[in-house]
Amino acid sequence: MQLMGIELLLKGNNFLRMLSGLWVAVRISLVSVILSIGLGLIVGALMTVQNKVIKTVMRLYLEIVRIMPQMVLLFIVYFGTTRVFGINIEAELSAIIVFTFWGTAEMGDLVRGALISIPRHQYESAEALGLSKLQTYLYVILPQTLRRLIPLSINLITRMIKTTSLVMMIGIVEVLKVTQQIIEANRRTSPNAAFGMFATVFMMYFIVCWPISLLSKHLEKRWSDR
Amino acid sequence: MNWNVIREYLPLYIEALGLTVKIGWLGIILSIALGLVCALILYFKVPLLQVIIKIYIELFRNTPLLVQLFFLYFGLPKLGIRITAQTCGILGLTLIGGSYMTETFRSGLSAIDSIQSESALSLGMKKHQVFFYVILPQAISISIPGFMANIIFLLKETSVFSAISLMDLMFTAKDLIGLEYKTIEALFLLVVFYLIMLLPVSLLGTYIERRVRYAAYGD
């Protein structure tokens, strides 16, 4: 009862194992976030296109992502593809596919929002000043779009990291799974370890996500009043 | 796809949907209540309490629900606090939902221009009248789109409940895949049932968002 399981952190290389478990989740989210931002820029631009077909497809895509829990998508990709196509996608790859699919839609929506938030008169004033189309985008539209976009995409990183905790449900050994193993292995000597150990995981996630969301909030505040 | 299998397992899914909906909506209602209370405490800057609430919000907004549930479900009993999986699910959802709802409602409150309360005061309204008749109605109508987004988010988050062995939709699907090897049917039913649960809410959200835009005054 004494230390509620914190002592297990110092036993052997337990803490290191947990950190490397956390890294598995963070690695998946970083890869997915980078892919999502790249693809999201394209999807976001596509969403502003005035073409009926493209518009419908994009709406459908957004709606699927909005409604389906990421966990359901994970199950479909991880269990479903094996059954339907007979290909075996590794758990980590299916996680990256799902989170990129999700993140791209989120990012695309942010890009669309940023693009349509630029008022018409910005384009018109630039034209009246004799700027070429390229110059207009480069010096007028893009800086304003980025200013809105960057805080929101940083926020997407924390959401991605939080969501990747789901990967333990398709059998990836990440920090929660490692912690469970450690608790199980020490059931005899530290029967109350679950409290301290899961509190540690809780704090680990907090320490990773909090600074990122503070940065996003800070940038949003700094860049919004201009 | 084998329709007999689907017909056979339909009752299981219906039961699981019932559980998910029950826990989900209880959690959502409680988190809206918690969010309103916390946002009001922040708005009126109640000493001490507002610090605690700020810490609570940061903690729960920056950690995944799955980790919170593990802590609540496996950790708390070690302190002698024993709760059932269902209570744990509702508690977890309320805590994470409360932190999101507080943020949404707080930004709704802070979006009301100070000219509103100044004008109301100059018309001779009392302080509590200003708050209840001028500030609050506007803040709520501003927050509604955010509330709807949070509700959809929370309903989706219920999908992690299977981790604490609640027999929800994910749990049922995983069972069918693992024990019966009926992958396609299990996944098909899973998608259909999540659509049943979430599509109406999503459509309602879009509709309400369009409606409350009229309530925004001034711009």
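Over all chains the structure holds nine salt bridges, a salt bridge being a side-chain nitrogen of Lys or Arg within 4 Å of a carboxyl oxygen of Asp or Glu. The model is predicted: local features need pLDDT of at least 70, side-chain atom pairs count only at pLDDT 80 or more, and totals for chains, interfaces and linings use all residues. Residues are numbered from 1 along each chain as its sequence is written, chains are lettered from A and ligands numbered from 1 in the order in which they are written, and side-chain values use heavy atoms, with hydrogens and water left out.

**Salt bridges**

Side chains of opposite charge can pair when their charged atoms come close.

| Residue with N | Residue with O | N to O distance |
|---|---|---|
| Arg27(A) | Glu92(A) | 2.9 Å |
| Arg159(A) | Glu106(A) | 2.9 Å |
| Arg120(A) | Glu124(A) | 3.1 Å |
| Lys217(A) | Glu58(B) | 3.5 Å |

Arg27(A) and Glu92(A) form a salt bridge with 2.9 Å between the closest N and O atoms. This pair links distant parts of the chain, with Arg27(A) in helix α2 of chain A and Glu92(A) in helix α5 (residues 91-116) of chain A, 65 residues apart. Helices are DSSP runs (H or I, at least four residues), numbered from the N terminus. Arg27(A) has 31% relative accessibility and so counts as partly exposed; buried means under 20% relative accessible area, exposed over 50%, and partly exposed in between (1.4 Å probe, protein chains only). Glu92(A), at 22%, is also partly exposed.

The salt bridge of Glu106(A) and Arg159(A) likewise links distant parts of the chain: Glu106(A) is in helix α5 of chain A and Arg159(A) in helix α7 (residues 133-163) of chain A, 53 residues apart. Glu106(A) is partly exposed at 22%, and Arg159(A) is partly exposed at 31%.

Arg120(A) and Glu124(A) lie together in helix α6 (residues 120-128) of chain A, four residues apart, about one turn of the helix. Arg120(A) is exposed, because its relative accessibility is 65%, while Glu124(A) is partly exposed at 42%. Elsewhere in chain A, a network of salt bridges links Arg59(A), Glu63(A) and Arg66(A).

**The contact of chain A and chain B**

The contact (heavy atoms within 4.5 Å) takes 39 residues from chain A and 39 residues from chain B. About 3,700 Å² is buried between the two chains, and carbon and sulfur atoms give 74% of this area. Buried area is the accessible area (1.4 Å probe) that two parts lose on being put together, summed over both. In chain B, the residues that lose the most area to chain A are Asn62(B), Lys78(B) and Lys156(B), together 17% of what that side buries.

One salt bridge is counted between chain B and chain A, and Lys217(A) forms a salt bridge with Glu58(B). On the side of chain B that touches chain A, at least two residues each come from α2 (49-61), α3 (65-75), α6 (127-157), α7 (169-180) and α8 (183-212) of chain B. The most come from α8(B), which gives eleven residues. By class this side has 25 nonpolar, nine polar and five charged residues. Here Ala, Val, Leu, Ile, Met, Phe, Trp, Tyr, Cys and Pro count as nonpolar, Asp, Glu, Lys and Arg as charged, and the others, Gly among them, as polar.

**Aromatic pairs**

The count is 21 aromatic pairs over all chains. Rings of Phe, Tyr and Trp (its six-membered ring) pair if their centres lie within 6.5 Å; planes under 30 degrees apart count as stacked, over 60 as edge-to-face and the rest as tilted. Phe198(A) and Phe70(B) are edge-to-face, because their ring centres are 5.3 Å apart and their planes stand at 75 degrees. Phe198(A) lies in helix α9 (residues 193-224) of chain A and Phe70(B) in helix α3 of chain B, so this pair joins two chains. Phe198(A) is buried at 2% relative accessibility, and Phe70(B) is buried at 1%.

Tyr43(B) and Phe44(B) form an edge-to-face pair, 5.2 Å centre to centre with 85 degrees between the planes. Tyr43(B) is partly exposed at 33%, as is Phe44(B) at 48%. One aromatic cluster is formed by Phe195(A), Phe202(A), Tyr56(B), Phe60(B) and Phe71(B).
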